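I opened this notebook to record what I looked up in the structure, one topic at a time. My entries follow the order in which I went through it.

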Amino acid sequence: MDQVRIGVIGTGGIGATQVKNILQLPNCRLTAVCDWKKDKMEPPYIPSDVNVKKFTDDDDFFAYGEFDAVMLEIPHYQHVPLALRCLEEGKHVLIEKPVAVDKKTALQLLAAAKKYPDLRMGVMFNQRTIPAHKKLKELIESGEFGVIRRVNWIMTDWFRTQRYYDSGDWRATWRGEGGGVLINQCPHHLDLMQWLFGMPKRVTAVVALGKYHDIEVEDDVTAILEYPNGATGVFIASTGEAPGTNRLEVTAERGRVILENGKLSFLRNEIPMSEFCKTTQVTWSTPPVWDIDIPVAANNPRQLIDVIDAFANSILHGTPMVAEAVEGINSLEIGNAILLSGLKKKFVDLPLDENEFSEMLAELVASSKWEKSAHGENNDFDFEKSQPK
Ligand SMILES: NC(=O)c1ccc[n+]([C@@H]2O[C@H](COP(=O)([O-])OP(=O)(O)OC[C@H]3O[C@@H](n4cnc5c(N)ncnc54)[C@H](O)[C@@H]3O)[C@@H](O)[C@H]2O)c1
């Protein structure tokens with residue numbers, strides 16, 4: 001086999017983009033698409049010259065079955081049931097982020113997946129392929145920065161308009177989406193936080209529901225993260241601030257690293273800060289520093305394509321994916337913990353009690369008073385414009 005035959009479920013906003021991405025990859029062949037809405041499988045979503053089987057019913061799609069792998073490009077609550085269906089049908093599966101809405105359901109998927117060791121299951125964490133993120137990981141793992149003491153990520157460059165929230169019938173509702181900025185936009189950065197810095201042991205957060213938008217879910221979050229080695233972190237996210245900020249600051253023994261505007265800059269302490277603090281004989285002094293710009297490409301315009309490419313190669317050649325689905329549980333756990341902490345106004349220890357979170361979510365879903373005002377559909381999705389700088 002030199003090509004993976006791929007079927008796509010959901011060809012709306014991101015799904016239509018992914019269809020075009022698959023068509024660019026020599027190791028993939030698009031064989032089938034499925035969307036409940038027939039018009040989502042017509043131009044501009046799927047170009048007219050694309051020869052592919054089209055279905056409006058998932059059962060018919062799976063009955064056709066002429067694909068080795070499925071990409072799920074659908075709203076969040078359907079990720080787990082349809083990923084399970086793919087495995088049961090003997091198909092590899094690449095799930096859009098988030099892997100699930102809550103940790104409990106994700107655990108159920110991962111437990112079931114153990115029955116299918118020959119099937120690959122990945123999650124679309126495309127931001128891991130951005131050169132600055134990769135470089136940062138490489139430098140952290142090499143020990144270049146020494147012990148990390150503090151991380152601050154201000155991630156407010158996810159501005160979303162009311163028009164965006166009014167599009168689609170599932171967005172920004174507990175019942176349809178399962179949350180707001182933490183479950184839709186921030187899985188990427190929560191994943192990067194755990195990928196780069198590991199899992200915190202405790203979370204405290206202030207979470208605002210519908211602060212900037214006429215929505216029932218959270219659109220503004222400030223969280224404090226405590227790590228097992230005593231390091232602390234602050235994670236700030238919002239879809240209401242403009243102009244937004246995307247700034248990661250890492251304070252480590254060997255200096256301070258800042259990632260902003262695609263630039264990675266490092267003020268490197270000649271002497272690690274704690275050692276200097278304990279040994280210097282000069283009362284008013286700080287360690288001498290070198291000012292270093294770490295050369296990296298600002299972005300990766302092929303980030304989605306790279307994830308699909310690695311997924312296909314993992315099926316064809318057994319090489320690593322960008323992110324296994326099992327890794328998706330970590331960002332979910334942090335996001336769930338932040339929401340639980342913010343809404344219940346308390347410290348939340350990790351590992352998160354998945355039942356406590358799921359019970360809270362069930363209450364939010366049950367008490368949801370939200371009625372969508374029908375302002376039409378999301379017909380103008382633009383991946384580039386949807387991404388932070
Ligand atoms: N990786 C990224 O950067 C990125 C960017 C945008 C969206 N997403 C994720 O992609 C997913 C989809 O988001 P979107 O904005 O494209 O949503 P969307 O509403 O624009 O599109 C979803 C499509 O799925 C179809 N659909 C839903 N359930 C279906 C089913 N069971 N069978 C067939 N068709 C079905 C709908 O008709 C719709 O056309 C979400 O998980 C979202 O978080 C990821």
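Which residue in β9 stands opposite A205? I looked it up and found A223 there; I keep in mind that this is a predicted model.

Strands. I then followed the two strands themselves, and noted that β8 (residues 202-209) and β9 (residues 218-226) pair in the antiparallel sense over eight bridges. Strand β8 is also joined to strand β15 (residues 348-349) by two bridges, again running antiparallel, and in β15 the partner of V203 is V348.

Core. Next I turned to the largest nonpolar core, which has 91 residues, and I wrote down I6, V93, I95 and I338 as those with the most contacts inside it. Helix α10 (residues 328-344) gives the most to this core, namely seven residues. Because domain 1 (4-125 + 301-323) and domain 2 (128-298 + 331-386) both give residues to this core, it lies between them. For I6, leaving aside its neighbours within four places in sequence, I listed contacts that include I22, C28, L30, F67 and M71. I also found a second, separate core of five residues, with A172, W174, I215 and V217 among them.

Ligand. Finally I checked the 25 residues around the ligand, of which G10, G12, G13, I14 and E96 come nearest. By class, this shell has seven nonpolar, eleven polar and seven charged residues, and helix α1 (residues 13-23) gives the most to it, with three residues. Domain 1 and domain 2 both give residues to the shell around the ligand, so the shell lies between them.

Key
Residues are numbered from 1 along each chain as its sequence is written. This is a predicted model: local features need pLDDT of at least 70, side-chain atom pairs count only at pLDDT 80 or more; totals for chains, interfaces and linings use all residues. A nonpolar core is a set of buried Ala, Val, Leu, Ile, Met, Phe, Trp, Tyr and Cys residues joined through C-beta atoms within 7 Å. A residue is buried if 20 or more other C-beta atoms lie within 10 Å of its own, exposed if 12 or fewer, and partly exposed in between; C-beta atoms are placed from the backbone. Helices (H or I, at least four residues) and strands (E, at least two) are DSSP runs, numbered from the N terminus. Domain bounds come from an automatic or database domain assignment. Two residues are in contact if their C-beta atoms, placed from the backbone, lie within 7 Å. Two strands pair if DSSP finds at least two bridges between them. A residue is near a molecule or strand if its C-beta atom, placed from the backbone, lies within 6 Å of it. Ala, Val, Leu, Ile, Met, Phe, Trp, Tyr, Cys and Pro count as nonpolar, Asp, Glu, Lys and Arg as charged, and the others, Gly among them, as polar.
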